[in-house]
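Please take a look along with me before I jot down what I looked up.

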Amino acid sequence: MSKLFHRALIAGTGPVAVQLAVMLKRYWKCTVGIAGRQSVRSAPFFDALRQSDSTVRAEVQNSQHHGLEGEYQIDSVYDSYELVAGQWDVLILSVTADAYVHVLELLQRQVLHRLQCVVLISPTFGSNALVTEYLQENRCTAEVLSFSTYLGDTRRLDDKPFNYVLTTAVKRKVYAGAAFTDCETAAIESAQSAEAFQELYRDSGISLEVVNSPLEAETRNISLYVHPPLFMNEISLGVIFDRPAVPKFVYKLFPEGPITMQLIKELLRQWEEISALVRKLGGAPVNLLQFMVDDNYPVRPESLPRHEIDRFPQLSPVQQQYLLFVRYASLLIDPFSEPDEAGKYFDFSAVPIRHIFINHEGAWDIPRMPKEDYYRIKIIQGIAKDAGLQCPMIDAFIDRYEHMLSAAARKLQGETLSEAFTIQSFERDIRRICRQLLPSIRGSHKQP
């Protein structure tokens, strides 16, 4: 039972929200509310809650993750953010990072002002600064806690109602960090909030490491480093927007997938650009290869020796490229799976690249990857620009994506298109982030 948070509000209606609600009810035994927005996509979720007396259920694929299972009744359900009322101690944002401010704008001011803590479940680089700045603009004193990423992979099943989810995989480790403050009382409260979630994750069977800053947590998301190279190359973009009949796969080598030596070079260059920005902001960059192997998908030591992994940042670019290529080649199959009678291992890399599609609202839409990555990388580009840093590789990724975006919109002229087909600047978010991360340039920006 949580001694700190007695009332928790979850913003979002996806599978992540359901899994989090089960964890909170099971271990904190607190009052839990779920809020979302009215849409074609969320309607089945709210219908399922009405038909089940506000019950949510989570199951797991692997028995070792049994700590995430359960079926519980939600105390409050809001099918519009504007309708949220009462006092909530903690707000958990389980929506995409580009929707954080939009959700906060829809909540009533008195709800915001009563919050002790706002938790970002799947933030991106700078999300904590963005939310902190928005709250300060609205005289809200809640602390903001950033997680590196969601705890695993949770999905709905086609034959089950929308209030039922299955967690199929769990991260080896998740990181969390809150903004540093000079106020001793606020610093103590921040530490207590982080410890409360650390206990929640530990009870659920997950390792949560509390780090020194939100940016340190936000930079420990593997998507930042690998998604732009994997999805913003000509091969992947051609599959996404041109919809060829023959599939290609995200993590396979060319010609089955996009991974070439050029892609590996671009992955390395982008990591170098992000690392330079992290240093500029006073942080410590990640060892990319170590992060890939130790915190994400491990490979056998016969493929990548420990000493090569640990000294990766000190190696030459050619050596680094070689090791990154070996890493991806080693994961074409699951190296820890059991071979069948024919000697075949599990085809780990066979994740198809998804095409553009017609969404629940009847509009052409872009898959989550690279739609969410577009926001992530544009934010990093904007922060780097204000920090006075060059990022030619990141610029190239964005140019490629926006070129394909515009070309696809022209081909679909006359069709209903989602907002994802619009080239965006995200300037308001970038301004808010930079006022927090780069205070020396605050005066150069106008208020949004």
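I start with a term I need below: buried means under 20% relative accessible area, exposed over 50%, and partly exposed in between, with a 1.4 Å probe and protein chains only. I am working with a predicted model, in which local features need pLDDT of at least 70, side-chain atom pairs count only at pLDDT 80 or more, and totals for chains, interfaces and linings use all residues. Residues are numbered from 1 along each chain as its sequence is written, and side-chain values use heavy atoms, with hydrogens and water left out.

**Overall build**

I looked up the secondary structure and found 16 helices and 14 strands. These are DSSP runs numbered from the N terminus: helices are H or I with at least four residues, strands are E with at least two.

Next I checked the extent of the C-alpha trace, which spans about 60 × 55 × 55 Å along its principal axes. The radius of gyration is 22 Å, which agrees with the value near 22 Å for a compact globule of 448 residues. That radius is taken over C-alpha atoms, and the globule rule is 2.2 Å times the number of residues to the power 0.38.

I also noted that 52% of the 448 residues are buried. For contacts (heavy atoms within 4.5 Å), I took residues at least 6 apart in sequence, and 72% of those contacts join residues at least 24 apart.

**Positive phi**

Which residues other than glycine did I find with a positive phi? One of them is arginine 243, with phi near 55°. Arginine 243 sits in the loop between α9 and α10, and its 38% relative accessibility makes it partly exposed.

Lysine 29 also has a positive phi, of about 55°, and is not a glycine. I located lysine 29 in the loop between α1 (15-28) and β2 (31-35). With a relative accessible area of 53%, lysine 29 counts as exposed.

**Cis peptide bonds**

Where does the loop between α9 (234-242) and α10 (261-280) hold a proline? I found proline 255 there. The peptide bond from phenylalanine 254 to proline 255 is cis, with omega near 10°.

I found another cis peptide bond between methionine 369 and proline 370, with omega about 25°. Proline 370 belongs to a helix, α14 (residues 368-386).
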